[in-house]
Amino acid sequence: MSRVLEMFAACAPGLEGMLRAELVQLGVAHPVPTAGGIAFAGGLRDLYRTNLESGLATHVLLRVARFPSRHVAHLRKRAAAVPWGEVLAVGQPFVVRATSRQSKLYHTGAVAERVALAIAETSGAVPAPAADDTAVEVVVRVLADMVTISVDTSGAPLHRRGYRLATGKAPLREDLARALLLTAPWDPATPLVDPMAGAGTIPIEAALLARRLAPGRLRGFAFQRLSLHDPALLAEVIAAAEARALPRAPAPIFGSDRDAGAVAAAVANAARAGVRADVELTCAPLRGAPVLCGTPPAAARGAVVTNPPFGRRVGDAQRLRNLYQALGHAVRRLPPEWRIALCAADRRLALRTGLPLRSAFLTTHGGIRVRALCAAAGDASAVPPLESVAERDA
Ligand SMILES: C[S@@+](CC[C@H](N)C(=O)[O-])C[C@H]1O[C@@H](n2cnc3c(N)ncnc32)[C@H](O)[C@@H]1O
């Protein structure tokens with residue numbers, strides 16, 4: 001395999017533009033957005049940095065072959081020509097996952113089997129059951145008779161940072177929490193408030209961003225099991241990332257929730273993430289949330305970034321309308337330069353805030369289509385105040 005590696009950083013739909021900007025910051029040259037992620041070329045250092053330091057990518061794939069094919073015998077021959085020994089060591093367990101669209105090679109089981117045979121006979125790596133978590137995943141994608149073979153260098157999805165072992169109700173995925181903070185946009189030099197913080201994902205991601213801590217620093221990666229892995233280079237990349245980190249978040253980060261169990265989970269998660277001292281976590285209803293209730297007083301600038309309940313349960317409707325109205329009411333009392341970003345599955349419910357929310361991105365979360373919506377507190381003056389704001393449930 002050549003020294004220039006062809007890679008693909010996959011992300012949740014709708015986050016491609018933000019991921020591209022993040023990769024540019026990580027020093028990736030010429031990242032190319034495509035559906036579902038970013039294609040880029042680079043060295044092993046780029047592969048390590050993207051896995052370790054991206055907060056938005058879900059997997060980093062290493063592309064090992066791309067060729068047209070319409071027959072399984074031809075597929076097996078071409079797959080066997082890949083220098084697998086440069087990627088997979090003798091005895092390394094691997095699994096092959098195949099997808100196919102608009103192609104003669106439509107039988108994904110046969111495609112996976114032929115590629116697995118080619119890998120096993122040329123590298124000495126060993127086919128493993130799908131449940132083997134020491135296995136490296138080989139991804140075969142057949143689209144319009146073009147075969148792309150990649151190796152997943154991440155392993156568990158990158159949003160599994162390793163800190164969120166305790167969860168509350170409906171936790172937000174870590175990559176979406178980060179995307180919400182970036183899209184708000186929240187300036188880490190200013191305060192951050194999440195009044196419905198649940199298990200603390202948004203405040204914790206905010207603290208990681210503010211302190212420039214590598215999102216992947218608590219976990220391992222599949223590339224550590226590949227034969228191309230260079231432990232000394234990884235140690236260098238980790239040391240450089242640690243040297244860029246700040247000892248403390250520059251501005252306060254507040255998370256609160258009315259559920260004491262969720263707050264306890266948030267405290268444990270923040271401690272595991274190494275940011276306990278950077279986040280103030282309290283048990284309070286929305287009307288008693290720090291800053292929003294007037295204490296401490298709001299700085300001139302800051303952001304409210306939150307993920308209110310989506311309301312999938314019967315009987316939730318009126319309570320949630322009241323909650324969203326109360327949230328809008330609280331935000332309108334903030335200084336005009338404050339920003340708000342929220343994640344909502346029901347746009348009409350979000351508009352109950354009375355804020356002139358604009359849609360920033362549309363993505364999926366646990367099989368549900370969710371939207372990030374943003375506004376500035378000052379923009380809200382353009383909207384007539386609601387006649388009555390029900391704070392009973394807030
Ligand atoms: C969708 S969950 C937030 C999940 C969170 N982002 C996480 O990753 O764990 C919504 C949260 O809002 C909280 N909540 C609902 N009504 C509230 C209210 N009136 N005041 C404060 N918190 C409330 C719930 O307890 C729940 O933890």
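What follows is a short briefing, grouped by topic.

This is a predicted model, in which local features need pLDDT of at least 70, side-chain atom pairs count only at pLDDT 80 or more, and totals for chains, interfaces and linings use all residues. Residues are numbered from 1 along each chain as its sequence is written, and side-chain values use heavy atoms, with hydrogens and water left out.

**Around the ligand**

- The ligand has 24 residues around it, and L172, A199, T201, D257 and L286 come nearest; a residue is near if one of its heavy atoms lies within 4 Å.
- Sorted by class, that shell holds 14 nonpolar, 3 polar and 7 charged residues. Here Ala, Val, Leu, Ile, Met, Phe, Trp, Tyr, Cys and Pro count as nonpolar, Asp, Glu, Lys and Arg as charged, and the others, Gly among them, as polar.
- The side chain of D257 puts an N or O atom 2.7 Å from an oxygen atom of the ligand.
- A polar backbone atom of A199 sits 2.8 Å from a ligand oxygen atom, and a backbone N or O atom of R258 is 3.4 Å from a ligand nitrogen atom.
- On its own the ligand would expose 610 Å², and the protein buries 97% of that (areas by the Shrake-Rupley method with a 1.4 Å probe; for residues, only the protein chains shown count as cover).

**The eight-stranded sheet**

- There's an open sheet of 8 strands with mixed pairing, in the order β2-β3-β1-β4-β8-β7-β5-β6. Strands (E, at least two residues) and helices (H or I, at least four) are DSSP runs, numbered from the N terminus.
- At the edges are β2 (32-34) and β6 (126-127), each pairing on one side only; two strands pair if DSSP finds at least two bridges between them.
- Strand β5 (residues 93-101) runs parallel to β6, joined by 2 bridges, and P93 stands opposite V126 in β6.

- Strands β14 (residues 358-365) and β15 pair antiparallel over 7 bridges, with H365 bridging to I368 in β15.

**Buried spots**

- Helix α2 (residues 44-53) is mostly covered, with 9 of its 10 residues buried. Buried means under 20% relative accessible area, exposed over 50%, and partly exposed in between (1.4 Å probe, protein chains only).
- Those buried residues of α2 pack against β1 (5-11), α1 (16-25), β3 (37-42), β4 (57-68) and α7 (231-244); contact means heavy atoms within 4.5 Å.
- Beyond neighbours within four places in sequence, T58 is in contact with A10, C11, A12, P157, L158, H159 and D175.
- E205 belongs to helix α6 (residues 201-211) and counts as buried because its relative accessibility is 0%.
- The side chains of E205 and R178 are joined by a polar contact of 3.2 Å. A polar contact is a pair of N or O atoms within 3.5 Å; within protein, one must be able to donate a hydrogen and the other to accept it, and residues adjacent in sequence count only if both atoms are side-chain atoms.
- V87, in the loop between α3 (72-80) and β5, is buried too, at a relative accessible area of 0%.
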